[in-house]
Amino acid sequence: MNQKSLAGQRAVVTGASSGIGKAIALAFAEAGAAVVVNHHSDAEAGKAVTAEILGKEGRAVSVRGDVSKPRDVQKLFDAADAHFGGVDILVANAGAQADAPFLEMTLEGWRKVIDLDLTGAFLCAQEVAKRFRRQGLEPNRSRALGKVLFVTSVHQRIPWAGHANYAAAKGGVRMLMETMAQELADQKIRVNAIAPGAIKTPINKAAWDTPAAARKLVKLIPYGRIGEVEDVAQSAVWLASDAADYVVGTTLFVDGGMSLYPDFREGG
Ligand code: NAD
C-alpha cells in the first residue's frame with residue numbers, strides 16, 4: 001500500500017497566503033491533508049492557495065484571521081470543525097519582523113513582533129491542544145492525539161543584532177515548544193519546531209533579491225545555497241506525519257548549516 005503520509009489528517013496552517021506557510025499548505029494537501037489556509041490581510045492570496053489545492057482535487061478552505069487575537073484564533077479551528085470535522089495538525093507559521101537597532105526600538109515595534117510571533121503561537125497552540133483533547137485519539141487517523149509544529153528560526157539560537165524583538169520572540173517560541181512538549185507528551189500530543197535558515201520569501205527579500213545581497217548571504221550558509229520554501233515544507237510534512245511519531249520536543253534546523261557558526265570554517 002502506498003498511502004499518502006498525511007492521508008485523512010486535518011491541518012490548520014497560519015500565515016499560509018505566502019512564503020513558507022503557503023508551501024506547507026500546498027505540500028500538506030499534496031500529502032493528503034485537508035487544510036485550513038489562514039491569511040491575514042491578503043484575502044486574494046489566501047483564496048489563490050485554496051484554489052490551487054482544490055484544483056488538484058485536494059481539500060482546503062481559506063479563513064481570515066489575526067493570530068494575535070483570541071477570537072480570530074477560535075475561528076480558524078471552528079472552520080476546521082465545520083469543513084473537515086476537526087483538526088489533527090497545527091502549523092504555527094505566521095510571523096513578521098519589525099527591525100530596528102536596539103536603542104531605537106520602540107515599544108510598538110517590540111510589541112508588534114512579540115504579539116504576533118510569540119503570543120500568536122501560544123494562542124493557536126493552546127487552542128488546538130484543547131481541541132485535540134476534546135476530540136480524543138483516533139488511531140486510524142494518526143498515532144498521536146495531535147501534532148503542533150512551530151515555525152521558529154535559526155534566531156531561536158543565533159543572536160541577531162538589529163532584530164532584538166524577533167530573536168526574543170523566536171527564542172521564546174523555542175521554550176514554549178519544549179515546555180509544551182514536556183507537559184503534553186503523555187497525552188500523545190507531539191510538539192516540535194522547524195527552524196528555517198535563510199529561505200527566499202517576502203519577509204527577507206532585501207537579503208536575496210540582488211546578486212550582491214545574495215552573495216553576502218550565501219557566505220553564512222555552509223551548504224552554499226539560499227533555501228527554498230519547499231525545503232521547509234517537505235520537512236514539515238515529515239514532522240507532522242506518523243513517520244516522525246517518536247520525535248517529540250525537537251527543533252529541526254532546515255538551514256543549510258547556517259547555525260553551525262560558519263565563520264569558524266576558517267579555523268576560528
Ligand atoms: P512571509 O512574510 O511570506 O509570511 C508571513 C505570513 O504571516 C504571511 O502570510 C502573513 O500574511 C502572515 N501574517 C502576518 N501577520 C499575521 C497575523 N497577525 N495573523 C496571521 N497571519 C499573519 O514570510 P515567511 O518567510 O514565509 O515567514 C513564515 C515564517 O517563517 C515566519 O514565522 C518567519 O519568522 C519564519 N522564518 C522565515 C525565514 C525566512 O528566511 N524566510 C527564516 C526563519 C524563519
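**View 1. Packing of helices α1 and α2 in the predicted model**. Helix α1, which spans residues 19-30, packs against helix α2, formed by residues 43-55, at an angle of about 20°, and the axes of the two helices lie 10 Å apart. Because angles under 35 degrees count as roughly parallel, α1 is described as roughly parallel to α2. The crossing of α1 and α2 is right-handed.

**View 2. Polar contacts between the ligand and the protein**. On the side-chain level, a polar atom of K170 is placed 2.9 Å from an oxygen atom of the ligand. The backbone takes part through V67, of which an N or O atom lies 3.0 Å from a nitrogen atom of the ligand, and through G95, of which a polar backbone atom is 3.5 Å from a ligand oxygen atom. The ligand exposes 810 Å² when taken alone, and 90% of that area is buried by the protein. Two elements, α1 (19-30) and α5 (164-184), are those that give two or more residues to the shell around the ligand.

**View 3. Composition of the shell around the ligand**. The ligand has 27 residues around it, of which S18, I20, N93, Y166 and T201 come nearest. Sorted by class, the shell consists of 14 polar, eleven nonpolar and two charged residues.

How values were computed:
Residues are numbered from 1 along each chain as its sequence is written. This is a predicted model: local features need pLDDT of at least 70, side-chain atom pairs count only at pLDDT 80 or more; totals for chains, interfaces and linings use all residues. Side-chain values use heavy atoms; hydrogens and water are left out. A residue is near a molecule or strand if one of its heavy atoms lies within 4 Å of it. A polar contact is a pair of N or O atoms within 3.5 Å; within protein, one must be able to donate a hydrogen and the other to accept it, and residues adjacent in sequence count only if both atoms are side-chain atoms. Accessible areas come from the Shrake-Rupley method with a 1.4 Å probe; for residues, only the protein chains shown count as cover. Helices (H or I, at least four residues) and strands (E, at least two) are DSSP runs, numbered from the N terminus. Ala, Val, Leu, Ile, Met, Phe, Trp, Tyr, Cys and Pro count as nonpolar, Asp, Glu, Lys and Arg as charged, and the others, Gly among them, as polar. Axes are lines fitted to C-alpha atoms, for helices over the stretch in contact, and angles run from 0 to 180 degrees between N-to-C directions. Angles under 35 degrees count as roughly parallel, over 145 as roughly antiparallel, 65 to 115 as roughly perpendicular and the rest as oblique. A crossing is left-handed if the near helix is turned anticlockwise from the far one by less than a right angle, and right-handed if clockwise.
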